[in-house]
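Please open the structure in your viewer and have the selection tool ready. The stops below are meant to be taken in order.

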Amino acid sequence: MESNNPWRKILTFGILIFALVRIALLCSRTQQAPTISPVNQSVNNALQMQQENLQRIRETQYAEAPKALYTPYQELRETEDIVLLQRGIQRLAQDSLFPFDINTSIRLTKETMFLTHPPMPIRFGFKSTDNTVTYVIEYEGEEKGNIWLKQHREAFKLSKKEASSERTDQLFYQFQQEGTSFNGYGVSTSDQGVTTLMIVESPKLSSAQLQTHFLTFALTNFVKVQKKETAHSVP
């Protein structure tokens, strides 16, 4: 009878063996698949958490960097470069140009303390060797520069405001920074829904003297260029 056919029994046995071998191979591959032990996973989690903490610390230091510019220049000068960089401040090794707009670059001299990651809405922030602090601030809206300063300067007092044009104001003011009195002078300009505020501040120079300082700086340190350029050292 067909049920007693020995070849059928051999074929059935062979198929069974083949099936068992395939199952064994699949199990072997599964066991060989890379796995992460609980210990390694804990280490990876700890490293990731450490990196996230360091990033938060850097962001906090960068946010506080503008306040650090009010530190006396001599004290910053005596601080190691690596410490300054960790605080978001770079000591320029030589005269350098930085793009201001498509047609203009701003020239900063050697030894200037420059913010590497200025928090918005600050575009530029730097402390010069004469102990003056300069900021270029740009924000959306046509809120007057003196209103912005009142919100961001302690004990702010506007002593005089002069309109140079319909959209441009000159500001003379005083404020406190961690108990130290500062004078300031600024120019606020609004155009097409954007306000640009450039200010210079000092604990020693008067607002009138800072006005002269500002005009001299603008005439000598804003450089016209033919095309937009990246920051580079001045030969």
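The tour goes from a helix to aromatic rings, then to charges over rings, and ends in a loop.

This is a predicted model, in which local features need pLDDT of at least 70 and side-chain atom pairs count only at pLDDT 80 or more, while totals for chains, interfaces and linings use all residues. Residues are numbered from 1 along each chain as its sequence is written, and side-chain values use heavy atoms, with hydrogens and water left out.

**Stop 1: a helix**

Select helix α5, residues 145–152. Helices (H or I, at least four residues) and strands (E, at least two) are DSSP runs, numbered from the N terminus. Which residues of α5 are buried? They are Gly145, Asn146, Trp148 and Leu149. Buried means under 20% relative accessible area, exposed means over 50%, and partly exposed is in between (1.4 Å probe, protein chains only). Look down the axis of α5: the buried residues fall within an arc of 155°, so they line one face of the helix. The arc is taken from the directions from the helix axis to the C-beta atoms. An α-helix has 3.6 residues a turn, so residues three or four places apart point the same way. Now select Lys150 and Gln151, which are exposed on the other side of α5.

Next, show what covers the buried residues of α5, including β6 (133–140), β7 (154–163) and β8 (168–177). Contact here means heavy atoms within 4.5 Å.

**Stop 2: aromatic rings**

Rings of Phe, Tyr and Trp (its six-membered ring) pair if their centres lie within 6.5 Å; planes under 30 degrees apart count as stacked, over 60 as edge-to-face and the rest as tilted. The count by this rule is 15 aromatic pairs. Select Phe98 and Phe114: their ring centres are 4.5 Å apart and their planes are at 20°, so the pair is stacked. Phe98 is in strand β2 and Phe114 in strand β4, 16 residues apart. Both are buried. Then select Tyr173 and Phe175, whose centres are 6.1 Å apart with planes at 35°, so this pair is tilted.

Ring pairs also link a cluster, including Phe98, Phe100, Phe114 and Phe124.

**Stop 3: charges over rings**

A charge sits over a ring if NZ of Lys or CZ of Arg is within 6 Å of the ring centre and within 35 degrees of the ring normal. Select Arg123, which lies over the face of Phe100 at 5.1 Å from the ring centre. Then select Lys160, whose charged end is 4.5 Å from the centre of the Phe172 ring.

**Stop 4: a loop**

Finally, select Ser128 in the loop between β5 (122–127) and β6. Ser128 is buried, at 14% relative accessible area.
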